[in-house]
Amino acid sequence: MNTTDGVFRYDARAKATGRATYAADIKLTGMAHAVPVYTRFVRARGLRVEVEAAKAAPGVLAVLVAADVSGQVRYGQIEPDYPVLAQDLINFEGEVIALVVARTRAQALAAAALVVEEAEELPPLLDPESALAPAAPLLRLGKKDNIVNHGKMRRGDAEKALAGCELVLDERFSTQFIEHAYMEPEAAVAIPRPDGVMEIHGSMQHPFSTRRFVAAALGSLLAGVEVFNPPMGGGFGGKDDTAALVCARAALAARAVRRPVKLVYDREWSMRESYKRHPYKLHYRAGFGADGRFRAASIDMLCDSGAYTSVTPWVNWRSLVQCCGPYSVADVRTDVYAAATNNVFTGAMRGFGSPQVNFAVEQLMDMAAERLGLSPLEIRRINMLTQDGETITGQKLDGHVVSLGQVLDAIVRATDFERKFAASSRGAARDGTLYGIGLALSYRGASLGAEGADFCSSIVNCQADGSVILDAAIHENGQGAESVQMLVLAEELGIPLELIRRQRSSTSMIPDGGTTVATRGTIMGGGAVAVAARELKSLMARTLAPKLGVESDRVVFRSGRVGVEGGPGLSWEEAVAAMFAERIYPYAFGTFRAPKVSWDEETGQGDAYFTYVYSCQAAEVEVDAATGAVRLLAMTAAHDVGRAINRALTMGQAYGGMVQAAGMALFEDLAVKDGRVGNRNLDRYKIPRARDVPDLRCILVENADPSSPTGAKGIGEPAIELMAPAIANAVYNATGLRCRDLPIRIDPKELS
Amino acid sequence: MSGDDERFIMVNGIRRELTGAQAEGSLLEYLREELDLTGAKNGCGVGACGACTVLVDGQARRACITKMSSALGKEIVTIEGLEGPGGELHPLQQAFIESGAIQCGFCTPGMIMSSLALLGKEKRPSRERIRQAISGNLCRCTGYQQIVDAVELAARRMYPEA
C-alpha cells in the first residue's frame with residue numbers, strides 16, 4: 001500500500017456529519033455551568049471582589065475568587081505568573097476576578113453582573129519602550145525589571161565586519177498583534193470522579209500542559225488529573241496557557257460544587273483574554289559585499305510580552321536562530337528583548353518568532369539585491385546555506401539534504417518567476433492596476449530544538465483477532481496527527497488501516513510526550529509510532545522464528561503476512577494468535593528520542609535543531625492604483641517536508657499556513673489601544689475569507705530525513721513563515737513602495 | 001390557524017411543537033440545547049463566522065442570529081439532516097472527506113450547509129462563485145483550497161449532466 005496516495009482521516013466522517021463531539025457539545029447529567037467575571041481595569045492593585053449578591057442570585061451554586069483556590073493561584077509554562085483567578089493585582093484587561101457557577105449558563109451570566117470589583121487603579125504601561133525606561137514601574141511580581149527575556153547572539157565581530165561592507169542597509173520593521181482566531185472558542189468540562197481524580201475534557205492543544213495547569217490550581221498530584229482532548233476546533237499554538245486555565249477554572253468549580261461543570265467561552269472572552277502573536281520592532285543593519293555576499297548583521301529586536309511571560313523566551317529564541325534567514329553570515333550581533341507591559345499577553349502562535357524576523361530579512365535581501373544590481377534569485381543563490389554549510393549558530397548542516405536550491409528552483413519554475421519579475425509594474429500602472437511578484441526563502445528547525453527535552457512515546461497493542469490499538473503522546477489538533485500515526489503503523493506492520501484503531505487517549509494512558517507544537521507532530525509522534533512498531537516486529541520475529549524455522553532477522557512484515565519472502569510465513573492474524581499461544585503479548589512501547597542539540601546562551605551558538613525544513617513561497621499581487629487596495633492573484637509554496645505521509649493533508653497544512661500568513665500581511669490587525677483589545681469578535685477582526693484568496697499551489701519536495709524514523713520532517717509552521725515577506729516583496733515590485741510595517745497598507749497618494 | 005397553532009418548526013423533517021420558552025431565543029440555542037443537534041457550532045455569536053449555518057426554507061441562515069420567532073412554521077435542515085437513513089453520506093459530505101477539505105472540522109458543518117444552499121440553486125458554479133457563496137463561512141485551517149475543490153467535486157457528482 002502506498003500511503004501517500006489519496007486522503008486518509010479517520011475522523012473525517014464524524015466531522016462531516018456533525019457527529020464529532022467538541023468540548024462545548026458535551027452534556028452530562030447534573031452538569032452545572034461556570035462563567036468568568038472580568039476586571040474593569042487594565043492595571044490596578046488592592047483588588048477586592050464582593051460576591052455576596054452574586055451568591056444569592058437564582059440558581060447560583062458557588063462564586064469563586066482567588067482566595068478559594070486550593071493550590072497555586074499563579075502558574076505558567078516558564079514563570080509561574082499567570083493567575084487562574086486574579087489576586088491583588090490586575091495586570092491586563094483579561095484578568096478573571098471571579099468565577100460564577102450556576103445550574104444554567106443564563107443564571108451564571110445573570111449573577112456575574114452582580115459581582116462588585118474594587119481596586120486602586122494605576123496608570124498602565126502600554127508599550128515595550130516605556131516598560132524598559134529606567135523610571136518605569138515594575139510589573140513583574142518579585143522581579144527587579146520589566147525584562148521578560150534577553151536573547152543574544154555573538155558571532156565574530158559584526159561592527160568591524162560592517163565597517164568593511166560595500167553596502168550597509170539600516171532598516172526598521174514592525175509587526176502587529178495577531179489573534180489566532182481558531183474557529184472554536186475555549187471550552188472545558190470538568191468531572192469530579194468518585195475515585196478522586198479530576199477528569200477534564202477540554203478544547204486545548206496540549207493535554208499534558210493542561211494537566212500541569214489544572215494540578216497546580218487544584219493542588220493535586222499530576223496523577224490526580226486525567227485530561228482527554230475531544231476534537232479541537234483549531235489551535236495554531238493558541239490553545240495552551242489560556243485554554244489550560246479555562247480547564248483549571250472548570251476543575252476548581254467542579255470541585256467546589258461536586259458535580260460536572262462546563263465552562264464555554266464566547267468569542268469576546270476568548271479574544272480579550274487569550275494570548276496573541278508577539279508584535280516585534282526590528283532594527284537591522286545588514287552588510288553586503290559588492291559581490292552580493294551577506295557578510296554581517298547587527299540586529300536589535302524588541303517585542304511586547306504583555307502581562308505575562310508565557311513562552312516568550314522560547315519564541316525569542318527561534319527569532320534568534322532565524323534572524324539572518326537561511327543564509328551563511330560570518331559576523332552577527334543580535335540582541336532580542338521582550339518587555340512586560342499591561343497589554344494582552346503574547347505567547348505561542350504558529351511560526352513562533354520566525355514570521356516576524358522573516359518579514360525583515362526577506363525584504364532586506366530584495367533591497368540589497370536591487371542596490372547591488374542583482375536579482376532576488378541571484379542574491380539568494382549567492383548566500384543560501386548549502387550542503388555541509390554552517391548556520392549563523394555555528395551548526396554544520398551535514399546530517400540531511402540541504403535543499404534550499406531545490407525549493408527555490410521549484411518556485412522559479414512553477415511561477416515562471418523570472419519573466420513575471422521582469423514584467424512587474426514597479427510603480428507604472430497599466431489600466432489603473434499594478435502587478436508584482438515576490439518570493440521569500442527560509443530554513444526552519446524542526447521540533448523543539450534546544451528549547452526543551454524532546455522525546456515522545458507510542459504504544460502498539462495487538463488484540464487476539466489481529467486488530468491493533470494505537471496510542472501516541474502527540475495528540476490531534478485538527479491537522480491530522482493521529483491519522484498520520486495510523487498510516488505510519490499500517491505501513492510499518494504491513495497491515496490494512498482497517499485493522500487499526502487510534503485509542504481515545506488521555507494523560508493517564510501514556511507518558512508525557514511533550515506538546516503538539518513546533519512542527520513536531522509528524523516527526524516526533526509519527527517517529528514514536530515507527531519506533532514502537534519496530535519494537536513489536538522485533539519481538540514477534542524473535543518469538544516466531546523457531547516456529548517458522550528461519551532466522552529472526554529474515555522475518556518481514558508485508559501485505560498482511562509475517563515471514564520470509566517467498567518462504568515460510570503466517571498471516572498477520574495467525575502470527576498474532578501465535579504470540580498469544582506463546583504467552584507473549586504482541587505489545588510494544590517505543591520511544592523516539594530526538595538527537596541531541598546544544599546551545600550557549602551567551603554567544604547564541606550551538607547545534608540549535610537536529611534537522612531543518614527548507615521552504616520557498618511566492619506571491620503575485622495586483623494593486624489598485626486609485627485605492628491602494630492589494631488583491632492576491634496567486635500564492636505558491638515549495639517545502640522540503642522530508643516525506644509526505646498523508647499527501648492531501650500535507651498540502652492542506654501548506655494552504656492553510658499560506659492563507660494565515662496572507663492574513664498577517666494584508667488583513668489582520670488586533671487593535672490594542674490603551675491596553676484594551678478593540679476588535680473582540682470576528683466581525684471586526686478580519687481574517688481572510690474564501691473570496692479574499694486565490695487558488696493556491698503547493699509543491700512537495702521530499703528528501704527523506706535520516707534523523708527521522710519515518711523520513712518525514714513537518715509542514716505546520718514552515719507554511720506560515722514566508723508569505724508575509726513574499727507579499728511585501730510583490731507589493732514593492734508592483735508599486736515601488738517598501739512596506740516596513742504590518743499589516744501592509746498602501747497610501748494611493750504615494751502611487752502617483 | 002393562529003396563535004399557539006403556529007408554535008412549531010420542522011427540523012430535518014420532524015415537526016417540533018414549541019413551548020413558550022422554546023419559541024424565544026436563537027435558533028442555534030434551540031437546536032443545540034433543546035434538540036441536542038450540536039453539529040451547528042457557535043464560533044462568534046454575532047453571525048460573522050458561519051459555523052452555525054443551517055438551511056431555513058432552503059436558504060443558508062446563520063442560526064446564532066436567527067430568532068426562533070422568525071423560524072416558526074419553517075423548514076430547518078441541519079447537518080444532521082443530510083445523512084441518509086442507513087448512514088449514507090450526502091455527496092457534499094463525501095466530497096469534503098475525499099478532497100481533504102476537513103481539518104479541525106469546526107467550520108465543516110456550516111461550510112457544507114452553505115455549499116448545499118449554493119448547489120440547490122446552481123448546478124455548475126465556478127470556483128469564483130463557490131468562493132463567494134462560502135465567504136460568510138470562515139475557516140482558519142484550510143486556506144479554502146480543498147473546500148472549493150470539494151464543492152466542485154460534489155457538483156459534478158450531483159449533476160453529472162449539467
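Helix axes here are lines fitted to C-alpha atoms over the stretch in contact, and angles run from 0 to 180 degrees between N-to-C directions. Helices (H or I, at least four residues) and strands (E, at least two) are DSSP runs, numbered from the N terminus.

This is a predicted model, in which local features need pLDDT of at least 70 and side-chain atom pairs count only at pLDDT 80 or more, while totals for chains, interfaces and linings use all residues. Residues are numbered from 1 along each chain as its sequence is written, chains are lettered from A and ligands numbered from 1 in the order in which they are written, and side-chain values use heavy atoms, with hydrogens and water left out.

**How the chains divide**

Chain A is split into domain 1 (12-122 + 186-264), domain 2 (280-449 + 600-750) and domain 3 (455-593).

Chain B has domain 1 (8-82) and domain 2 (91-158). The C-alpha centres of these two domains of chain B lie 21 Å apart, and 19 residues of domain 1 of chain B touch 13 residues of domain 2 of chain B.

**Two helix pairs in chain A**

Now to a pair of helices, α17 (residues 647-667) and α18 (residues 723-735) of chain A, which pack at an angle of about 55° with their axes 8 Å apart. Angles under 35 degrees count as roughly parallel, over 145 as roughly antiparallel, 65 to 115 as roughly perpendicular and the rest as oblique. α17(A) and α18(A) are therefore oblique to each other. Their crossing is right-handed; the term means that the near helix is turned clockwise from the far one by less than a right angle. On the α17(A) side, Met658(A), Ala661(A), Ala662(A), Ala665(A) and Leu666(A) meet Met723(A), Ala724(A) and Ile727(A) of α18(A). By class, this contact of α17(A) with α18(A) has eight nonpolar, no polar and no charged residues. Ala, Val, Leu, Ile, Met, Phe, Trp, Tyr, Cys and Pro count as nonpolar, Asp, Glu, Lys and Arg as charged, and the others, Gly among them, as polar.

A second pair is helix α6 (residues 207-218) and helix α7 (residues 241-257) of chain A, whose axes come within 8 Å and cross at roughly 40°. α6(A) and α7(A) are therefore oblique to each other, and their crossing is right-handed. Among the residues in this contact are Phe213(A) and Val214(A) of α6(A), together with Asp241(A) and Arg255(A) of α7(A). The contact of α6(A) with α7(A) divides into ten nonpolar, one polar and two charged residues.

**Sheets in chain A**

Strands count as paired if DSSP finds at least two bridges between them. One open sheet has five strands in the order β8-β16-β15-β14-β9 (chain A), with mixed pairing. Its edge strands are β8 (147-155) and β9 (167-174) of chain A, each pairing on one side only. Within this sheet, neighbouring strands are turned by 5° against each other on average, direction ignored. Helix α9 (residues 312-321) of chain A packs on the sheet, touching β8, β14, β15 and β16 (331-340) of chain A, and its direction makes about 20° with that of β8(A). Helix α10 (residues 354-372) of chain A also packs on the sheet, touching β9, β14 and β15 of chain A, at about 145° to the direction of β9(A).

**Strand pairs side by side**| Strands | Sense | Bridges |
|---|---|---|
| β14 (residues 280-288) and β15 (residues 294-306) of chain A | antiparallel | nine bridges |
| β25 (residues 612-624) and β26 (residues 630-640) of chain A | antiparallel | ten bridges |
| β1 (residues 8-11) and β2 (residues 14-17) of chain B | antiparallel | four bridges |
| β1(B) and β5 (residues 75-77) of chain B | parallel | two bridges |

Some individual partners can be picked out: Tyr284(A) has Ile299(A) in β15(A) as its bridge partner, and Val621(A) stands opposite Leu632(A) in β26(A). In chain B, Phe8(B) is partnered by Glu17(B) in β2(B), while Val11(B) stands opposite Ile76(B) in β5(B). β1(B) and β2(B) form a hairpin with two residues between them, and Asn12(B) in the turn has a positive phi of about 50°.

Notes. Contact = heavy atoms within 4.5 Å. Domains from an automatic or database assignment.
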